[in-house]
Amino acid sequence: MRALISVSDKSGIVDFASALKNFGWTLIATGGTLKTLRNAGIEVMDIQDVTGFPEICEGRVKTLHPKVHGGLLARRDSEEHMAEIAENDIIPIDMVCVNLYPFEATIAKPDVTMEDAIENIDIGGPSMLRSAAKNFRDVTVVCDPDDYPTVIEEISLNGNTQYDTRLRLSAKAYTHTALYDSKIAEFMRKAAGLPEKLFLSFDEVQTLRYGENPHQKAAFYRDAKETPFSVAFSKQLQGKELSYNNIQDANAALSIVREFEEPFCVALKHMNPCGAGVGKNLLEAWTKAYEADKVSIYGGIVAINRPLTKEVALLMKPIFLEIVMAPSYEPEALEVLASKKNLRVLEVNMSREKTACKAYVGINGGMLVQDADLDCLELTQEMCVTKRKPTEKELEELNFGWKIVKHVKSNAIVVVKDGATAGVGAGQMNRVGSAEIALNEAKALGITDGLVLASDGFLPFGDTVELAAKYGVVAIVQPGGSIRDEESIKVADEKGIAMLFTGMRHFKH
């Protein structure tokens with residue numbers, strides 16, 4: 001049995017090659033891999049001794065040879081194939097162990113040159129992987145060091161790998177080369193100024209029981225690169241398996257948490273916040289979020305940006321929640337939550353690094369792609385367009401409301417009092433309808449003065465401002481930009497309301 005080994009990632013390769021050698025395999029290697037194995041005292045043939053041809057073009061050509069690919073592609077069950085390779089003095093190769101030049105790592109360097117990128121485009125490696133993968137009935141292809149133990153175990157037990165294993169490794173090799181080529185294509189197309197072609201690469205996390213509804217099949221995938229504030233990279237500490245709707249809601253909650261550095265808590269239902277609050281500590285933040293809407297939180301999701309304490313866990317315990325998310329948990333808090341066996345408890349990386357990412361939305365026959373909406377302006381007095389300016393306290397409240405309304409389905413209105421949501425109006429066909437919902441929620445809580453209001457889009461008429469004044473709103477933040485802005489400003493001035501224009505909107509459809 002013969003194995004050809006040529007790897008850029010040499011982790012575990014010495015032990016792997018040594019085990020193959022102990023099983024009586026003949027080893028063939030190239031360049032740096034040959035040197036590594038010989039330095040480890042492992043007997044290994046130089047690829048030149050197989051091909052009878054030296055490496056040329058600075059190593060660009062070394063395995064592109066009939067004695068390599070004939071040995072890989074010849075079908076062992078074909079008399080014609082076996083006779084042809086024998087006539088040409090070609091010996092079958094039974095295993096290829098190859099991983100590729102680090103192209104993606106190279107182009108990730110900020111100072112990468114075209115020359116550096118091109119020299120890290122592997123040619124022989126993908127060719128060998130594809131040849132071996134095509135002939136998986138007879139040849140084992142290994143492109144991932146994580147598969148070394150499985151391969152060695154099967155050879156130890158059976159003398160060779162099993163058919164099902166070779167099929168799985170073949171599929172893995174084709175996936176590996178496809179992703180590799182997609183990165184090269186993206187880089188070269190960008191350099192050439194060609195129109196975009198979208199290549200997506202996500203790994204399956206789990207097959208879900210169903211999608212939004214029981215008749216819809218669904219699966220959960222994640223990107224290869226870990227992202228903070230991501231349910232895809234969270235650690236589930238207890239509870240039932242996440243559902244499609246759980247994941248959607250969890251993602252929406254984490255997007256809101258990401259806006260706040262001070263102690264913060266949000267309760268969320270159907271991808272909209274039903275209660276949110278900031279405080280001097282987690283207990284105060286939780287209390288504000290819960291008091292904002294004790295009804296809607298039932299069956300909802302809670303996310304916080306501080307380690308969950310036993311004190312707050314005890315307050316959560318009597319409430320039916322689907323998910324609790326935090327950056328970490330006190331052991332005593334986990335003991336409290338453990339009594340609610342179905343409650344999903346997630347530990348989420350909430351590091352503050354800002355990473356650019358894309359948002360993808362599927363449509364019938366296509367896909368929309370945009371930059372994720374990660375920006376949120378800090379509101380200042382200079383943004384005020386009315387005669388009355390907001391007080392420092394009101395400005396603080398407006399900033400809180402502006403961060404929340406960004407994550408409410410359009411048309412979105414959020415009213416705030418004392419660092420907590422007092423009412424949330426989401427997804428209505430007109431903005432006045434959303435305002436009525438939010439303001440009536442505040443009235444139901446007994447809050448009828450000192451409110452501030454945030455709108456995700458501009459207020460094209462004075463009607464929303466008129467309504468807000470009736471419910472005790474003293475300050476408003478909105479993007480501005482309507483051709484009828486003066487109407488809203490005029491009404492605000494008449495009612496003594498301070499109004500800020502941000503120049504930035506946050507629609508969320």
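**View 1. Exposed and buried sides of helix 1.** The exposed residues Asp-15 and Asn-22 sit on the face of helix 1 turned away from its buried side (exposed, over 50% relative accessible area; buried, under 20%; 1.4 Å probe, protein chains only). The model is predicted: local features need pLDDT of at least 70, side-chain atom pairs count only at pLDDT 80 or more, and totals for chains, interfaces and linings use all residues. Residues are numbered from 1 along each chain as its sequence is written, and side-chain values use heavy atoms, with hydrogens and water left out. Helix 1 spans residues 13-22, and its buried residues are Ile-13, Phe-16, Ala-17, Ala-19 and Leu-20. These cover an arc of only 160 degrees around the axis, which puts them on the same side of helix 1 (the arc is that of the directions from the helix axis to the C-beta atoms). Their cover includes strand 1 (2-7), strand 2 (26-29), helix 2 (31-39), strand 4 (95-99) and helix 9 (148-158). Gly-24, with a positive phi near 95 degrees, follows helix 1. Helices (H or I, at least four residues) and strands (E, at least two) are DSSP runs numbered from the N terminus.

View 2. Strand 1 and strand 2 run parallel and are joined by four bridges; Ala-3 has Leu-27 in strand 2 as its bridge partner.

**View 3. Helix 4 against helix 8.** Helix 4 (residues 66-73) packs with helix 8 at an angle of about 25 degrees, the axes being 8 Å apart. This makes helix 4 roughly parallel to helix 8 (angles under 35 degrees count as roughly parallel). Axes are lines fitted to C-alpha atoms, for helices over the stretch in contact, and angles run from 0 to 180 degrees between N-to-C directions. Val-68, His-69, Leu-72 and Leu-73 of helix 4 meet Ser-127, Met-128, Ser-131, Ala-132 and Lys-134 of helix 8 (contact, heavy atoms within 4.5 Å).

**View 4. Helix 18 and its surroundings.** Asp-485, Ser-488, Ile-489, Val-491 and Ala-492 are buried in helix 18 (residues 485-495). Seen down the axis, the buried residues of helix 18 fall within an arc of 165 degrees, so they line one face of the helix. They pack against helix 17 (463-470), strand 19 (473-478) and strand 20 (498-501). The face turned away from the buried side of helix 18 carries the exposed residues Glu-486, Lys-490 and Glu-494.

Terms used:
Two strands pair if DSSP finds at least two bridges between them. Angles under 35 degrees count as roughly parallel, over 145 as roughly antiparallel, 65 to 115 as roughly perpendicular and the rest as oblique.
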